[in-house]
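Here is a short briefing to read alongside the model. Keep the viewer open, and we can go through the helices, rings and charges together.

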Amino acid sequence: MKMDAKEKALEISKQLGGKIEVTSKVSINSMEDLAIAYTPGVAAVSAEIAKDKEKAYTYTSKKNLVAVVTDGSAVLGLGNIGPEAAIPVMEGKAALFKRFAGVDAVPLSLDTQDVDEIVAHVKAIAPSFGGINLEDISAPRCFEIERRLKEELDIPVFHDDQHGTAIVVLAATINALKLADKEISKVKIVINGAGAAGIAIAKKLLLAGAENLLLVDQKGIIASNDLQIDDRHIEIAEMTNQKNIQGDLKKALEEADLFIGVSAPNVLKKDWIKSMNQKPIIFAMANPQPEIDPAEAKEAGAYIVGTGRSDFPNQINNVLAFPGIFRGALDARARDITDSMQLAAAKGIAQAIPDNELTTENIIPNVFDEQVVEIVAKSVMEAAD
């Protein structure tokens, strides 16, 4: 019987003992090789770096090395499963870094979910790395962890669950709106899911020019005049829902142009799509089961449908963003991955599909399109401060 992807993943992981390994760039086959790779030759290299620590970028792997850091608190759709169970995902991320951008990455699962401890641990190991990729850390702690590390480190810090997702969503939005002949400043956008990804998507769309945006969580539409609002939503509430509309997702979708789901399976109903404006765009990205089945969305009148899955058209996948972003940031020796660099990355991803190749089922590049990393890296480097 043919194995499915989950069965194959278990079998291969067991057989290989994980997905990554460390290999040496130098030959160690003689005493001379040993003297160059280690003592006494290595002392000369260390002495040079001791005189100027910036030379670590010249003489060591730091210039091309990223730490993929998690605390195991928000792993894929599995939740708070702990640092050991998060290792396979971090290994997978490291493998993707290498495959798509030639970036070396080390998975690091921390056995703490305390903000101060995580910040301290990452700061302590930072000298070895050229960048930090935060991964699968639950909100709202992830916001504080990233903010503090960006302030306190002189290397790029990037929480991919927030910004990688938001960048690819923005790229898909740019091309979808182009096809629908709509402007981002004039459309009504509804984001369902107000966790790390939902808030990051909202902020990125606002930076790109969106003006009419509603963010919805399990309690309903987030509004700044809600006396029961969660503390973590106060900032984004001030930036969205300028008319302080009250209600649920059904209410939010009335005369909307774009639905973005980073929430839960089957929460979007067909009838609600019918209440949206002409040429409604649906990005249902809950995994593995989207907010609505793409076929049902189409039946309800959706003009464009995107999901997070590879077995449907228009897969909105972080792999389109983070490899090229880190490639560009590392090559530019950037100290941060700024908003302008992230917007440039989104535009680069969108531009990877020429206008004459845009269709309702081809608004976002395939992850195996080799030009994407090059375009994104170049865009990020040009936008670097």
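Just after α14, R333 takes a positive phi of about 55°. The coordinates come from a predicted model, so please read the values below as computed from it. Helix α14 itself spans residues 322-331, and because nine of its ten residues are buried, the helix is largely enclosed by the rest of the structure.

**Helix α14**

- The buried residues of α14 are F322, P323, G324, I325, F326, R327, G328, A329 and L330.
- A charged residue, R327, is on that buried list, and so are the glycines G324 and G328.
- F326 has a relative accessible area of 0%, which is under the 20% cut-off and therefore makes F326 buried.

**Aromatic pairs**

- How many aromatic pairs does the structure hold? There are four.
- One of them joins F97 and F322 edge-to-face, with 4.9 Å from centre to centre and 65° between the planes.
- F97 belongs to helix α5 (residues 83-101) and F322 to helix α14, so this pair ties together parts that lie 225 residues apart in sequence.
- Both partners, F97 and F322, are buried.
- F158 and F326 make another edge-to-face pair, at 5.9 Å centre to centre and with 90° between the planes.
- Since F158 sits in strand β4 (residues 157-159) and F326 in helix α14, the pair ties together parts 168 residues apart in sequence.
- F158 is buried too, with a relative accessible area of 0%.
- Taken together, F97, F158, F322 and F326 are linked by ring pairs into a cluster.

**Charges over rings**

- Which ring does the charged end of K93 sit over? It is the ring of F322, with the charged end 4.2 Å from the ring centre.

**Salt bridges**

- Side chains of opposite charge can pair when their charged atoms come close.
- Searching the whole structure gives 24 salt bridges.
- K182 and D257 form one, and their closest N and O atoms are 2.8 Å apart.
- This bridge links distant parts of the chain, 75 residues apart: K182 is in the loop between α8 (160-180) and β5 (188-192), and D257 is in the loop between α11 (249-252) and β8 (258-261).
- Is D257 buried or exposed? D257 is buried, at a relative accessible area of 6%.
- D230 and K219 also meet through their side chains, in a salt bridge of 2.9 Å from N to O.
- Here the partners are eleven residues apart, with D230 in the loop between β7 (220-221) and α10 (234-239) and K219 in the loop between β6 (212-217) and β7.
- D230 counts as partly exposed at 26% relative accessibility, whereas K219 is exposed at 62%.
- K251 and E254 form a salt bridge as well, with 3.5 Å between the closest N and O atoms.
- Both of these residues are partly exposed, K251 with a relative accessible area of 38% and E254 with 36%.
- Finally, a network of salt bridges links D116, K123, R148 and E152.

Methods. Residues are numbered from 1 along each chain as its sequence is written. This is a predicted model: local features need pLDDT of at least 70, side-chain atom pairs count only at pLDDT 80 or more; totals for chains, interfaces and linings use all residues. Side-chain values use heavy atoms; hydrogens and water are left out. Buried means under 20% relative accessible area, exposed over 50%, partly exposed in between (1.4 Å probe, protein chains only). Helices (H or I, at least four residues) and strands (E, at least two) are DSSP runs, numbered from the N terminus. Rings of Phe, Tyr and Trp (its six-membered ring) pair if their centres lie within 6.5 Å; planes under 30 degrees apart count as stacked, over 60 as edge-to-face and the rest as tilted. A charge sits over a ring if NZ of Lys or CZ of Arg is within 6 Å of the ring centre and within 35 degrees of the ring normal. A salt bridge is a side-chain nitrogen of Lys or Arg within 4 Å of a carboxyl oxygen of Asp or Glu.
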